[in-house]
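Hi,

Here's the model I promised to pass along.

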Amino acid sequence: MVIPETLEEIANIVRDAKGTVIFHARPQPHPFAISGPTGPDVVAISMSSYEGIIEHDVADQVVVVRAGTTLTQLQSHLAITGQCLPLPRFDANYELATATIHGPLIDKIAFNLPHGLQFQCGSWRDWIIGMKIVRADGTIVKCGSKAVKNVAGFDVQKLMIGARNTLGLVAEVTLKTYPIEALPLSEVQIVPTMAGRAPNFIQRVLPTDLNAAIRSLGQQLIACDRPSSTLWAEVRPMESPRRFNGDWIMRAGAGPRNLEFPDAALVKLMRRTKELFDPGYKLNPGAMGIF
Amino acid sequence: MLSSHAELAKALQSVLTPDAVLSGDAAERAYDCDAYTVDRNNPSAVVLPRSTEDVAKVVRWCNKNDVPFTARGAGTGLSGGVLPAMGGVVLSTKRMTKILEIDYDNRCLLAQAGIPNKRLSDAVKDRGLYFAPDPSSQSVSTIGGNIGENAGGPHTLKYGVTVQHILGLTMVDPLGEILHLGGKLPGAPGYDFVGIVVGSEGTMGIVTEAWVKLCPIPKAVATALISYRNVADACRTVAEIIAQGTIPAALEMMDHGILRAVRAAFGLEYPEGTLAMLLIECDGEPDRVAHEMESVQKVCKKNGALQIRLAEDEAERAKLWTARKKGIGAMGRIAPSIVTHDGVIPRSKLPEMLEFVYDVSWRYQIGVANLFHAGDGNLHPCFYFNDRDPEQVKSVVAAGEEIIRRCVELGGSVSGEHGIGIEKVDLMPLMFTPEDMEFQATAKRIFNDGSLCNPCKVLPSQKGCVEHRRRWRGTAW
């Protein structure tokens with residue numbers, strides 16, 4: 001495990017790696033990750049030392065932060081000036097609803113899991129207005145700007161969100177912040193007997209299927225967010241809960257089944273994207289399960 | 001390569017139907033630019049497809065015959081995004097205006113790309129729903145064009161831009177293959193292709209259908225028009241409102257130049273000595289709206305407001321918005337030509353930036369008026385001039401570039417919502433290094449990048465564009 005401290009160090013490690021590069025954002029892999037390759041060729045990079053706030057423009061409500069910074073760290077910093085990222089508060093119950101509230105930003109952005117204020121306040125895709133990325137060949141590039149509204153060039157940063165660092169390593173992000181004063185209350189409902197349990201199954205269904213999905217998960221349901229029609233549950237790894245038309249799921253602890261892409265055309269497009277951004281299949285190659 | 005425009009039009013008639021192809025001088029001239037009129041170039045022919053399959057047929061034909069093609073909605077774009085930069089075929093979505101499915105329960109709607117934005121809201125109004133993005137052109141601009149440009153509008157401050165409201169897309173890629181991206185539900189695992197296609201200015205393919213999100217019409221709306229003695233007071237108000245945690249639905253500013261025009265056009269009255277006005281709207285639950293409006297008014301008073309006028313009813317509210325949305329149109333009374341610029345800066349830099357704009361206008365001796373999305377820091381300096389005077393045109397272009405450069409220096413962007421198109425393609429290096437732009441070019445290649453699909457837009461130094469550019473750059477002078 002290498003623990004670089006500067007952006008240049010990260011870029012050099014990625015550039016010089018002969019084999020696979022995997023990014024460890026936290027001491028253990030993210031629960032929703034698909035375990036990647038191991039072996040002598042694998043270079044594991046920990047981002048834990050590439051952390052801290054680079055710049056916080058209070059009046060403009062914009063913060064630039066290194067991706068190894070934990071969400072807790074960032075939220076405490078923002079709170080001093082009455083700002084935050086609109087993720088549900090640090091309540092023990094909400095931790096399960098967001099799965100990894102204490103993890104670093106790089107994890108959150110890479111996995112882009114649903115959270116309890118998504119319907120009301122959006123998500124990473126809406127908050128990230130700029131990014132610095134280390135490409136597979138070690139080049140450092142940036143997207144976006146510090147302006148909250150910007151249509152200059154293609155929005156490549158959106159491709160990086162939820163991409164589990166398979167297209168490039170997200171090293172720094174510029175985020176819009178939110179006034180705590182204006183934060184709505186989350187409508188996530190926790191099943192009382194399941195409070196404190198860690199979900200290993202997330203399902204989003206059409207609002208018209210939500211009640212049926214709740215019934216179908218039955219005793220396994222941990223939490224439900226009606227506005228975004230999202231469900232968190234604890235299901236046995238081999239079990240396959242009922243699926244609904246147009247829904248999607250994410251799993252933890254089910255190995256390669258953590259992510260499934262039933263649409264062949266989409267898989268083809270994803271492969272093409274991977275080949276263009278990372279021709280050597282160097283970056284986190286197992287992380288999406290399909291390459 | 002087909003030798004003449006007539007030959008090309010004839011060949012296209014056999015791909016679709018004879019009535020789906022427009023050609024000849026009049027058609028070529030009508031489709032040679034969008035609302036950015038400084039640069040123009042004629043297409044060889046214009047086609048009017050009715051369906052995704054029609055579009056795919058034309059795109060495949062273009063590929064086979066090595067003919068460039070450019071999709072076009074209503075042509076209200078402000079950066080030359082639909083200018084047929086290398087000639088070839090313009091695919092107009094004029095006949096693709098159907099709503100294909102409305103799913104009220106799941107609050108989404110599937111429509112063809114050529115439908116005007118406002119018709120989406122009109123279609124679902126009775127059920128208490130609407131489509132939130134509302135660019136000022138919304139009565140004519142199409143959803144396809146809004147997707148291409150990732151259009152904004154006055155209500156983006158609270159509700160986000162187009163990309164936040166597009167759930168799924170059907171698109172024809174640059175080789176003519178039909179792709180379905182996204183669906184009815186946001187946030188699905190996998191790469192966010194919808195996110196990259198929205199705002200790609202029609203360079204990654206042609207969007208033919210879209211699933212859009214419908215929002216409930218807010219229960220209460222309060223709109224206020226506030227007059228100020230100077231823009232600095234108005235700017236300070238904007239900053240304070242946001243800092244105190246209020247997120248109005250809209251926070252718009254108009255300066256003296258615009259006010260003169262809208263007074264003449266719509267009879268909008270304001271107190272003597274007014275040099276700036278804010279239009280502030282709060283919406284949502286009645287209690288909250290009342291509370292927000294109250295705190296907004298406090299901030300306005302504290303910052304030297306001359307007058308606060310609250311819309312009493314829907315008719316008055318509509319009137320206030322007419323002044324704002326048709327403000328640019330009203331400028332037509334002052335001068336024959338208008339170029340609206342679109343720079344964006346961190347909000348706190350607004351006063352400094354406005355001063356700079358006035359200074360530039362004075363130095364180049366061209367009139368300027370400003371109406372813009374103050375809440376987002378999205379500036380729209382609007383230069384008025386006579387485009388038959390070559391000297392004035394040159395000054396307008398030079399002044400615009402100075403303003404945009406300053407926006408970037410202040411940490412902003414060369415475009416907040418109008419897009420790069422051809423207007424700003426040469427300004428991209430102000431913001432991005434060659435490596436940054438290569439990264440963007442990589443994203444473009446995902447969709448089988450050829451050099452035929454809306455060439456010469458967004459990214460500078462594309463193959464063959466420099467020579468072509470000589471033909472259309474500044475044809476107005």
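**Domains and contacts**

Chain B splits into domain 1 (220-313 + 320-329) and domain 2 (335-425), with the bounds taken from an automatic or database domain assignment. Before you dig in: this is a predicted model, where local features need pLDDT of at least 70, side-chain atom pairs count only at pLDDT 80 or more, and totals for chains, interfaces and linings use all residues. Residues are numbered from 1 along each chain as its sequence is written, while chains are lettered from A and ligands numbered from 1 in the order in which they are written.

The C-alpha centres of those two domains of chain B sit 22 Å apart. Where they touch, domain 1 of chain B puts in 19 residues and domain 2 of chain B 17 (contact means C-beta atoms, placed from the backbone, within 7 Å). On the domain 1 side, helix H8 (231-243), strand S13 (250-255), helix H9 (256-266) and helix H12 (327-330) of chain B each give two or more residues. Helices (H or I, at least four residues) and strands (E, at least two) are DSSP runs, numbered from the N terminus.

Now for the two chains: 51 residues of chain A are in contact with 59 of chain B. On the chain A side, helix H6 (124-127), strand S7 (140-144), helix H7 (156-160), strand S14 (248-251) and helix H9 (264-277) of chain A supply at least two residues each. The largest share, eight residues, is from H9(A).

Cheers
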